[in-house]
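Trainee: I would like to take a close look at a single part of this protein. Please set that part in the context of the whole chain.

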Amino acid sequence: MSVASFPYQLYLVISQSDCKENNFLNVAEQAILGGVDIIQLREKNDSTDLFLKKAQQLIEITQKYNIPLIINDHIEVTEKVNAAGIHVGNSDTPPTRLRERFPIKNKIIGYSIEYLDQLENKQTAVSDYLGISPVFRTKTKTDTVTEWGLEGISKIRQLTEKPLVAIGNIHLENAKAVINAGADCLAVVSAICSASDPQKAAYELKNEILK
C-alpha cells in the first residue's frame, strides 16, 4: 500500500481502561468528530466474547462516520465484525499468514516495527502500513524493545516507502516534530483517551498535523 492509498493522518488506539471513567464509545465518537481518521480497538486482557462485544458496539459508531476500524491482534474478532483491518506485532500472527486467510487477506494489515531488520522481512513486504513503536516510551505499552525517537523515524523513512504510523507518547507539543521526521500518521492513546475533552484534543492534534 502506498502513502496515497493510506490517507489517514490521525489514528486513535483505544481501550476501555485507557479511557478510565469515560465510556470508550463516547470517547471514540468525540474523537471522530474532532478529526480522528482511523481507530484501533486494543483490548489485550479481554475474553474473546467481551472483546467481540466491544468491537460490535464500536463498529456501529465507526461505520456511522465511515471511519475504518482496526482490531489489535485478534483474528476471530476481526472476522466476526468484518473490521477494516487488523494490527499485529512482532510476536503475533505474522502478516504473511494473515494474507492466506480468506476473510482477512484483502483487509488492511498493520505491522509493528521494533527492529530495523524487520524492514527487510516478508512481513513488512505484505503489510499495508508500519507501526513505529514506540517513538517515545509510554506507560500504556511497556513490552516494547526500541525507543525510536525522531532520528529513528527519519532512518526508517529513508529505508522504506511504506506508510509510517508513529505511536508512543505523542502529544500536542511533539506531534509536528514527529510528522516532520517522516511519519505519515500519528497514533495516540492517552493524548485523546485521557483528555477531559476528547473532541478538542483530537481537533488540536489534527491541526498540528495539517500545519
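Among contacts in the protein between residues at least 6 apart in sequence, what percentage join residues at least 24 apart? And where does Thr124 lie, and which residues does Thr124 touch?

Mentor: The model is predicted, and every value below is computed from it. To begin with the contacts: of those between residues at least 6 apart in sequence, 59% join residues at least 24 apart. The C-alpha trace spans about 40 × 40 × 30 Å along the principal axes.

Turning to burial and surface, buried residues account for 56% of the 211 residues. The protein exposes about 9,900 Å², of which carbon and sulfur atoms supply 46%. Its side chains include 23 positive and 26 negative ones, and the centres of these two sets lie 2 Å apart.

Within this setting, Thr124 belongs to helix α6, which covers residues 122-126. Thr124 has a relative accessibility of 4%; because buried means under 20%, Thr124 counts as buried. Leaving aside residues up to four places away in sequence, Thr124 touches Tyr111, Ile113, Gln118 and Leu119, and also Leu130 and Lys162. In summary, Thr124 is a buried residue of helix α6, and its contacts include Tyr111 and Lys162.

Key: Residues are numbered from 1 along each chain as its sequence is written. This is a predicted model: local features need pLDDT of at least 70, side-chain atom pairs count only at pLDDT 80 or more; totals for chains, interfaces and linings use all residues. Side-chain values use heavy atoms; hydrogens and water are left out. Buried means under 20% relative accessible area, exposed over 50%, partly exposed in between (1.4 Å probe, protein chains only). Contact means heavy atoms within 4.5 Å. Accessible areas come from the Shrake-Rupley method with a 1.4 Å probe; for residues, only the protein chains shown count as cover. Lys and Arg count as positive and Asp and Glu as negative; His and the chain ends are not counted. The place of a charge is taken as NZ of Lys, CZ of Arg, CG of Asp or CD of Glu. Helices (H or I, at least four residues) and strands (E, at least two) are DSSP runs, numbered from the N terminus.
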